[in-house]
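Thanks for making the time this morning. I would like to walk you through one model, residue by residue in places, and then say where I would read it with care.

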Amino acid sequence: MTSFDGLVERARSLSPLTADLLVVAVVGLFTASDAASNDPDYQQADGLTWLLLAISLIALVWRRRWPVPVAVVTGAACAGWALHGHIGELLNLPVIVALYTVAVLGDRRRTLWTGLVASLVSGAVALRVGRDVANPQGLPLLEMIWPLVPLLLGEVIRTRRQLMDEYAARAVRAEEEREREAARRVHEERLRIARELHDIVAHTVTAMTVQAGVALDALDTRPEISRRAMRQVRDSGKEAVGELRATVTVLRDRDSESTSPAPGLAQLPELVGRFTDSGVEAALRHDGTADGLSPMVELAAYRIVQEALTNVVKHSGARHAAVSVARHGDRLCVEIADDGRPSRIEPPAQLGPPSRTEPPSQLGPSPPSATGGFGLVGMRERAAAVGGSIEYGPVPGGGFRVRAVLPVVLPAEALHGARP
């Protein structure tokens, strides 16, 4: 079996012209030997016999390029032998190869028409020869059947090749689809991790910087305020380190997800308290109804409040801020308002899922494109990731307001591929 497989592989490695010449040589060897040794009672080989053989073999060289004309030529030569009086078992070998080529390199319609014509011609030749030669009963019917055998074989081989090509193409498409899906998941994971790192580092470090400034200013005159601010710096640092460790753990080992709970509504009083110690009097109003909320929704609400308060401290110059979290049916409304200096006068904007045609909007005194920040983008992505929306804009009389409306339970499209 091993030697046979080696021969098959070696035959497949031959060039088409070499393979065709090899086929012609084998066919010529068998057909010539049959033509040379004819029954004494029938026509012996003469010049016409060898001429028809030469024409058939030369035609077979072009069987791949012109399969139907080659089949016509070889079929005519085979009929010429029969009408000339030659009787042999292998004289029809050239036309058998030609008919096989017609089927294997064509389509089903061409195979059917070729089979119909070849059967009729073969039967007619058998009837004509039968008048002069004693033929067994039923020979014309058998002569009509034998052209169908190489056509059927070629059709089977061609169909099998098409199926193999289709299977190979499906495998390639499946592999490409798997690669695209893997790339999409990697991209989504990178966006999620980047969003988490931004929320952890930027917000916490901003609060720590403000608290450290308060501690330095009050170090000599009001040491108790300085100590309280430094404790807030320490606590914020510990919290940031813990969240970073949880994120890095997920990156390091995909099989062991972190068991640390994600921030939620229960941590809002502590978050608002940290910003209060940073010089902004922040008040929290929370109706306390957190039952049935999705962890993803709680995390989105927490991060939106965190980002909005960070913008208040960094950009607005406000002295007061109010945070309101209330549940209305199947919606969770999160609102953050401050009394800072107004930004450019423009109507409030509505932000839902990201839109390519949406003009860049502004949160605070300058848009993200101007400052290089990602606060607005982050809040928009947080809201859109859970199927919610966010609106923002200046408040008449001064100040700025951010209002997010989030679903209590994630819709199916937000659950797909979204993880806290």
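Let me begin with Leu152, which sits in helix H8, the helix that runs over residues 148-217. Is Leu152 buried or exposed? With a relative accessibility of 56%, Leu152 counts as exposed, because the cut-off for that class is over 50%. If you look for Leu112, you will find that 40 residues separate it from Leu152 in sequence, while their C-alpha atoms are 9.6 Å apart in space.

Turning to the record, the unreviewed UniProt entry carries the annotation "transmembrane region" for residues 12-30, 42-61 and 68-84.

Phe30 belongs to helix H2, residues 16-36, and because its relative accessibility is 41%, it counts as partly exposed. Phe30 is also one of the residues in a nonpolar surface patch, together with Leu14, Leu22, Val26, Leu29 and Leu90, and the patch has about 510 Å² of accessible area in total.

Finally, the parts to treat with care. Over residues 343-373 pLDDT stays under 50, although the model has 52 contacts beyond four places in sequence for them; residues 413-420 also stay under 50, with 15 such contacts. Where pLDDT is low, the predicted coordinates should not be read in detail.

Notes: Residues numbered from 1 in each chain as written. Predicted model: local features only at pLDDT ≥ 70, side-chain atom pairs only at ≥ 80, totals over all residues. Heavy atoms only, no water. Helix = DSSP H or I, 4+ residues; strand = E, 2+ residues; numbered from the N terminus. Buried < 20%, exposed > 50% of the residue type's maximum accessible area, 1.4 Å probe, protein only. UniProt positions renumbered as here; feature names shortened; annotations may be inferred. pLDDT = per-residue confidence, 0-100. Contact = heavy atoms within 4.5 Å. Patch = residues over 30% accessible without salt bridge, like charges linked within 9 Å, V, L, I, M, F, W, Y side chains within 5 Å. Areas by Shrake-Rupley, 256 points an atom, 1.4 Å probe, with all protein chains shown as cover. Salt bridge = Lys/Arg side-chain N within 4 Å of Asp/Glu carboxyl O.
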